[in-house]
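Dear colleague,

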Amino acid sequence: MAFQYCPKIAVFSADGGSIFLCRRKGEADYDGVFSLIGGKMEHSDRSIVDALRREKTEEVGESFKIRILPHFSVDVMFVKADGSHMILPHHYALHVDGDPELNEEYSESTWVPLKDLASFEPKIDNITWISAKLARLAEIVRDDDFATI
């Protein structure tokens with residue numbers, strides 16, 4: 001069985017107190033639901049960093065700058081409604097600068113305070129526990145662990 005590799009990006013505010021979510025539109029599995037940004041790695045991507053950069057730029061624009069931890073992730077397996085299997089590595093990122101310019105995959109975006117995330121709806125259910133695990137990375141990573149994309 002083949003798996004699609006689909007890196008996701010959990011973008012935290014510069015102060016670490018909020019997380020950036022986008023509402024999906026026109027998607028079979030999560031239409032109208034808030035999610036993290038990111039998507040399928042492509043054969044043309046030369047590295048994980050290239051894939052993360054490309055997905056970030058496609059989905060929220062070039063001017064939305066983040067610092068990301070490309071070599072640490074919280075991984076989840078997901079089976080789509082069509083039966084295809086995906087591995088979703090979730091990467092921690094900090095917002096550096098710029099406003100999002102959403103592509104056609106999303107209808108809106110918002111910053112959700114972490115203290116309100118558990119009750120915020122509609123969202124993909126695993127965002128709450130994934131973001132909590134990723135937020136712990138801020139306590140142990142060094143500045144040179146990040147890549148700016």
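Which residue lies over the face of Phe 146? Arg 67 does, at 4.4 Å from the ring centre. A charge is taken to sit over a ring if NZ of Lys or CZ of Arg is within 6 Å of the ring centre and within 35 degrees of the ring normal.

Two remarks on the source apply throughout. The model is predicted, and local features need pLDDT of at least 70, side-chain atom pairs count only at pLDDT 80 or more, while totals for chains, interfaces and linings use all residues. Residues are numbered from 1 along each chain as its sequence is written, and side-chain values use heavy atoms, with hydrogens and water left out.

Aromatic residues

Phe 146 also belongs to a cluster, in which ring pairs link it with Phe 12 and Tyr 92. Six aromatic pairs are found in a search of the whole structure; rings of Phe, Tyr and Trp (its six-membered ring) pair if their centres lie within 6.5 Å, with planes under 30 degrees apart counted as stacked, over 60 as edge-to-face and the rest as tilted.

Strand S2

Phe 12 is found in strand S2 (residues 8–12). Helices (H or I, at least four residues) and strands (E, at least two) are DSSP runs, numbered from the N terminus. Phe 12 counts as buried because its relative accessible area is 1%; the classes are buried under 20%, exposed over 50% and partly exposed in between, with a 1.4 Å probe and protein chains only. Leaving aside neighbours within four places in sequence, Phe 12 has contacts (heavy atoms within 4.5 Å) that include Tyr 92, Leu 94, Trp 111 and Leu 134. From Phe 12 to Trp 111 the C-alpha separation is 8.6 Å, across 99 residues of sequence.

Val 11 and Val 96 are 85 residues apart in sequence, with their C-alpha atoms 9.8 Å apart.

Strand S6

Lys 65 is in strand S6 (residues 65–68). Beyond four places in sequence, Lys 65 touches Leu 94, His 95, Val 96, Asp 97 and Ile 149. His 43 is 22 residues from Lys 65 in sequence, and 24 Å separates their C-alpha atoms.

Ala 51 sits in helix H1 and is buried, at 1% relative accessible area. Met 41 and Asp 45 are its contacts when residues up to four places away in sequence are not counted.

The largest pocket holds about 540 Å³ of space. On a 1 Å grid over the protein atoms alone, a pocket is an open set of points where a 1.4 Å probe fits, with protein on both sides within 12 Å along at least five of seven lines, and lining residues have an atom within 4 Å of a point. Of the 29 lining residues, Lys 8, Arg 24, Glu 27, Gly 38 and Met 86 lie nearest the centre. Helix H1 (48–60), strand S7 (74–79) and strand S8 (85–97) each supply at least two lining residues, and H1 gives the most, with four.

A cis peptide bond

Glu 121 and Pro 122 are joined by a cis peptide bond, with omega about -5°. Pro 122 is in the loop between strand S9 (106–113) and helix H2 (127–135).

With kind regards

How values were computed
Grid points are joined across faces, edges and corners, and a volume is the space filled by probe spheres set on the points.
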